[in-house]
Amino acid sequence: MTVREKTRLEKFRQLLSSHNTDLDELRKCSWPGVPREVRPITWRLLSGYLPANTERRKLTLQRKREEYFGFIEQYYDSRNEEHHQDTYRQIHIDIPRTNPLIPLFQQPLVQEIFERILFIWAIRHPASGYVQGINDLVTPFFVVFLSEHVEEDVENFDVTNLSQDVLRSIEADSFWCMSKLLDGIQDNYTFAQPGIQKKVKALEELVSRIDEQVHNHFRRYEVEYLQFAFRWMNNLLMRELPLRCTIRLWDTYQSEPEGFSHFHLYVCAAFLIKWRKEILDEEDFQGLLMLLQNLPTIHWGNEEIGLLLAEAYRLKYMFADAPNHYRR
């Protein structure tokens with residue numbers, strides 16, 4: 001650990017252990033990334049799952065975890081009933097496709113946990129029900145809460161080595177934090193997904209103002225933003241980035257007001273413009289779509305995400321928070 005990292009970690013520890021954690025200060029500290037050691041508790045606080053008051057935390061966790069397993073007792077058996085068959089079948093199909101290259105998510109025990117989380121969420125949110133893509137949103141929480149109990153490489157860890165109690169707490173916390181996240185972007189997943197349609201439209205307009213050349217290039221080769229950006233909005237760029245990058249990105253999303261809805265738009269715009277040269281080099285519809293659906297981010301790490309976020313922040317400052325004379 002560098003001196004700077006030690007100092008940052010110390011700052012987090014002080015904030016987290018004070019009688020009432022100052023959430024504004026915690027957000028400010030989390031924006032440039034949260035140290036791994038304190039990420040689980042920081043995420044619970046930032047997502048509004050844990051109270052700022054340290055004395056209330058233990059009881060809150062106990063109560064919420066019991067409440068979640070109460071839902072399981074109440075609803076989980078109904079997955080075999082006729083009117084829940086479609087939901088359950090879709091979840092069942094999607095779970096093996098969740099991060100197929102990461103061994104952790106191929107373990108039967110982990111897939112059972114995901115199945116319960118997603119089914120309970122769907123039953124409790126009949127307006128949207130389960131929609132493909134929601135399965136991805138559990139993974140960062142699951143990995144972060146698992147990292148609290150695992151020193152080594154989480155992505156290859158065998159969860160059968162953990163106690164039943166530990167697994168239950170990881171499952172319940174992942175459920176609640178995912179639910180909090182989805183509360184903020186619920187219209188992404190209601191019928192016809194109007195939230196996503198709107199965000200893709202907003203991205204198109206933003207890109208036309210930031211980089212007219214890229215925008216016109218798409219028009220020239222008849223590339224519709226929906227053809228690539230639907231997935232960016234539906235899965236919050238999770239299919240485009242390695243999981244470690246998503247986790248780092250979410251540190252910032254949770255510290256930004258409306259990070260997962262409003263700020264995400266600027267991150268998508270910055271992400272698109274990042275590939276400007278490659279985009280302009282492609283001169284046919286097929287080539288452009290292939291590029292946009294398989295962007296080479298496999299080796300990305302914190303540094304690339306840091307640069308992406310800085311650019312997104314700049315765009316937001318220029319186009320969202322700026323006086324009208326910036327606007328075209």
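User: What does Glu171 form a salt bridge with?
Analyst: Glu171 pairs with Arg116, and the closest N and O atoms are 2.9 Å apart. The pair links distant parts of the chain: Glu171 sits in helix 8 (residues 164-184) and Arg116 in helix 6 (residues 108-124), 55 residues apart. A salt bridge here is a side-chain nitrogen of Lys or Arg within 4 Å of a carboxyl oxygen of Asp or Glu. Helices (H or I, at least four residues) and strands (E, at least two) are DSSP runs, numbered from the N terminus.

User: Are those two buried or exposed?
Analyst: Glu171 is buried, at 2% relative accessible area. Arg116 is buried too, at 18%. Buried means under 20% relative accessible area, exposed over 50%, and partly exposed in between, with a 1.4 Å probe and protein chains only.

User: What are the ground rules for these values?
Analyst: This is a predicted model, where local features need pLDDT of at least 70 and side-chain atom pairs count only at pLDDT 80 or more, while totals for chains, interfaces and linings use all residues. Residues are numbered from 1 along each chain as its sequence is written, and side-chain values use heavy atoms, with hydrogens and water left out.

User: How many salt bridges are there in the whole structure?
Analyst: The search finds 21. Arg44, Arg65, Glu148 and Asp173 are linked in a network of them.

User: Which residue does Lys64 bridge to?
Analyst: Lys64 bridges to Glu67, with the closest N and O atoms 3.5 Å apart. Both are in helix 4 (residues 54-75), three residues apart, so about one helical turn separates them. An α-helix has 3.6 residues a turn, so residues three or four places apart point the same way. Lys64 counts as buried at 18% relative accessibility. Glu67 counts as partly exposed at 30%.

User: And what does Arg314 meet?
Analyst: Arg314 meets Glu311 in a salt bridge, 2.9 Å from N to O. They are three residues apart in helix 16 (residues 302-319), again about one helical turn. Arg314 is partly exposed at 40%, and Glu311 is partly exposed at 28%.

User: Back to helix 4. What span should it have?
Analyst: At 1.5 Å a residue, its 22 residues should span 32 Å, and the end C-alpha atoms are 32 Å apart, which agrees. The expected span is 1.5 Å times one less than the number of residues.

User: What do its buried residues pack against?
Analyst: They pack against helix 1 (3-17), helix 3 (39-46), helix 6 and helix 8. Among the buried residues of helix 4 are Arg57, Leu61, Lys64 and Phe69.

User: How many residues of helix 8 are buried?
Analyst: 15 of its 21, so helix 8 is mostly covered by the under-20% cut-off. Helix 8 reaches 31 Å from its first C-alpha to its last, close to the 30 Å expected.

User: New topic. How is the chain divided?
Analyst: Into domain 1 (3-184) and domain 2 (194-320). These bounds come from an automatic or database domain assignment. The contact between them takes 24 residues from domain 1 and 20 residues from domain 2. Contact means heavy atoms within 4.5 Å. The C-alpha centres of the two domains lie 26 Å apart.

User: How many residues are in the largest nonpolar core?
Analyst: It has 113 residues. Those with the most contacts inside it are Leu104, Leu137, Leu146, Met178, Phe218 and Trp250. The largest share, eleven residues, comes from helix 13 (residues 259-274). The core draws at least three residues from each of domain 1 and domain 2. By definition, a nonpolar core is a set of buried Ala, Val, Leu, Ile, Met, Phe, Trp, Tyr and Cys residues joined through side-chain atoms within 4.5 Å.

User: What is Leu104 in contact with?
Analyst: Leaving aside its neighbours within four places in sequence, Leu104's contacts include Phe142, Leu146, Val154 and Phe157.

User: And Thr252, buried or exposed?
Analyst: Thr252 is buried, with a relative accessible area of 0%. Thr252 is found in helix 12 (residues 243-253). Beyond neighbours within four places in sequence, Thr252 is in contact with Ser30, Trp31, Phe263 and Leu309.

User: Last one. What does UniProt list for residues 33-257?
Analyst: An unreviewed UniProt entry lists "domain: Rab-GAP TBC" there. UniProt positions are given in the numbering used here, feature names are shortened, and annotations may be inferred rather than shown by experiment. In the model, that stretch is 59% helix and 0% strand, with its end C-alpha atoms 16 Å apart.
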